[in-house]
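Here is a short report on one protein chain.

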Amino acid sequence: MPYTYDDQNIFAKILRGEIPAKPVFESEHTLAFPDISPKKKAHVLVIPKGPYRCYDHFVQAASDAEQLDFFRSVAKVAERVGVAESAGGDGFRLITNSGANSHQEVPHFHVHLLGGEPCGPLVCD
């Protein structure tokens with residue numbers, strides 16, 4: 001199935017500088033910034049800079065360099081915000097949504113990094 005990318009989504013606008021964001025971390029292929037509606041003490045969004053709609057689009061279409069940079073960047077963000085065990089934190093949760101059934105709100109692949117306090121059960125009924 002071909003993926004259609006909406007270049008008017010909020011993350012695309014952030015990447016183009018049309019909407020301001022305060023980067024927590026930035027690399028060649030990745031940008032991380034605080035969620036505007038945080039659910040935990042630490043709640044950072046990590047996005048690839050390329051036009052990928054969801055996780056499966058990203059792993060099918062992104063280059064090896066983009067994928068490696070993205071996942072290493074997630075680890076660096078966890079360290080930077082102090083939630084990674086390697087940084088003395090008590091751990092974190094990564095969440096990504098893909099498609100309508102997952103309640104993906106922004107059609108640009110992204111990971112929510114949550115931590116700084118207990119996250120509770122994985123899924124609520």
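## Surface and overall form

Accessible areas here come from the Shrake-Rupley method with a 1.4 Å probe. On that basis the chain has an accessible surface of about 7,500 Å². Carbon and sulfur atoms account for 53% of this surface. The model is predicted.

The chain holds three helices and five strands. Read from the N terminus, their order is α-β-β-β-α-α-β-β. The radius of gyration is 14 Å, close to the 14 Å from the globule rule for 125 residues, so the chain is as compact as a globular protein of that length. Along the principal axes, the C-alpha atoms fill a box of roughly 40 × 35 × 30 Å.

Of the 125 residues, 40% are buried. Among contacts between residues at least 6 apart in sequence, 53% join residues at least 24 apart.

## The largest pocket

The largest pocket has a volume of about 610 Å³. Its lining counts 24 residues, and D35, H43, L45, E105 and H112 are the closest to the centre.

Four elements each supply at least two lining residues: α1 (10–15), β2 (30–34), β3 (42–48) and β5 (111–115). α1 gives the most, with three. By class, the lining has 13 nonpolar, seven polar and four charged residues.

## C119

C119 sits in the segment after β5. Is C119 buried, partly exposed or exposed? Its relative accessible area is 22%. Buried means under 20% and exposed over 50%, so C119 is partly exposed.

Leaving out residues up to four places away in sequence, C119 touches K40, R93 and L114. K39 lies 80 residues from C119 along the chain, yet their C-alpha atoms are separated by 9.2 Å.

How values were computed:
Residues numbered from 1 in each chain as written. Predicted model: local features only at pLDDT ≥ 70, side-chain atom pairs only at ≥ 80, totals over all residues. Heavy atoms only, no water. 1 Å grid on protein atoms, 1.4 Å probe; cavity = no way out; pocket = protein on both sides within 12 Å on 5 of 7 lines; lining within 4 Å. Points joined across faces, edges and corners; volume = space filled by probe spheres on them. Nonpolar A, V, L, I, M, F, W, Y, C, P; charged D, E, K, R; others polar. Buried < 20%, exposed > 50% of the residue type's maximum accessible area, 1.4 Å probe, protein only. Contact = heavy atoms within 4.5 Å. Rg over C-alpha atoms; globule rule 2.2 N^0.38 Å.
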